Amino acid sequence: MENGGVVVRRGVPGGAEERVAALYWEAFGRKLAPALGPPGKGRAFIAAHLDHDRGIVALAGGRVVGVAGHRLGGRALTGGGARDVVAAYGVFRGLPRLAVLALFERAPAAGELVMDGIAVDAAYRGRGIGGLLLTETAALAADHGCHRIRLDVIDTNPRARALYERHGFTGHRTERTPYLRDLMGFGAVTTMHRPVTPADATGGRKAR
């Protein structure tokens, strides 16, 4: 898929791990910091444990300027298990971090793809890259026989929610989390759903 010099492709290119980790930390660092901080260590952990085939990237001049992660078949873009966390942070610091990471776990139901978030370089925002990443994610979900895409959006990110709504997502359930406001910067999480249709696969093939 190409639009205005920006190319969207499936899979994180080899050598782009640190770039993807930096984009993810810029977008979600406040939320991830209690589990993976400080920033330098968190970015290094993400880069070291990426599942390359669980990401869709936007490239401009060969450089990653946007990324959308997803969870499918038991694997997500941002990988790393309990042993990896303990190995990176130590037992005493690692165990509490695992408890925080457990708050982010969103296992897909049968026939469902769970999105892991979208991150776009600040210099490229407002160019429709988020929409391109969502379109390709829907095409991928259709190719895998999924009937639904699910994601979570926090109450402090209304622009992201508006983007998702423009692309067919509707709110399904809102969970109030006031106990996380001081720790992670948000006090509610809304789960959104979008059906996957045959047109998603057709549109994805035409655009690529």
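Reader: Which is it for Arg-150 and Glu-112, buried or exposed?
Author: Both Arg-150 and Glu-112 are buried in this predicted model. That puts each of them under 20% relative accessible area.

Reader: Why is the contact between Arg-150 and Glu-112 called a salt bridge?
Author: The N to O distance is 2.4 Å. The cut-off is 4 Å, so the pair qualifies. Arg-150 belongs to strand S7 (residues 148-154) and Glu-112 to strand S6 (residues 112-120), so the bridge ties together parts 38 residues apart in sequence.

Reader: What makes Arg-10 and Asp-143 a salt bridge?
Author: Their closest N and O atoms are 3.0 Å apart. That is within 4 Å, so the contact counts. Arg-10 sits in strand S2 (residues 6-10) and Asp-143 in helix H5 (residues 129-143), so this pair links parts 133 residues apart in sequence.

Reader: Why is Arg-10 placed in its accessibility class?
Author: Its relative accessibility is 28%. Buried needs under 20% and exposed needs over 50%, so Arg-10 is partly exposed. Asp-143, with 40%, is partly exposed by that rule.

Reader: How do you know that Arg-161 and Glu-165 form a salt bridge?
Author: The closest N and O atoms lie 3.1 Å apart. The limit is 4 Å, so the pair passes. Both residues lie in helix H6 (residues 158-166), 4 residues apart, about one turn of the helix. Arg-161 is partly exposed at 29%, and Glu-165 is partly exposed at 42%.

Reader: How many salt bridges does a search of the whole structure find?
Author: The search finds 12. Asp-51, Asp-53, Arg-54 and Arg-75 are linked in a network of them.

Reader: What makes Lys-41 count as lying over the face of Tyr-89?
Author: Lys-41 is 5.3 Å from the ring centre.

Reader: Where in the chain is confidence lowest, and where highest?
Author: Strand S1 (residues 2-3) is lowest, at a mean pLDDT of 62. Strand S3 (residues 55-60) is highest, at 98. The chain averages 91, and 95% of the residues score at least 70.

Technical notes
Residues are numbered from 1 along each chain as its sequence is written. This is a predicted model: local features need pLDDT of at least 70, side-chain atom pairs count only at pLDDT 80 or more; totals for chains, interfaces and linings use all residues. Side-chain values use heavy atoms; hydrogens and water are left out. A salt bridge is a side-chain nitrogen of Lys or Arg within 4 Å of a carboxyl oxygen of Asp or Glu. Helices (H or I, at least four residues) and strands (E, at least two) are DSSP runs, numbered from the N terminus. Buried means under 20% relative accessible area, exposed over 50%, partly exposed in between (1.4 Å probe, protein chains only). pLDDT is the predictor's confidence in each residue, from 0 to 100. A charge sits over a ring if NZ of Lys or CZ of Arg is within 6 Å of the ring centre and within 35 degrees of the ring normal.
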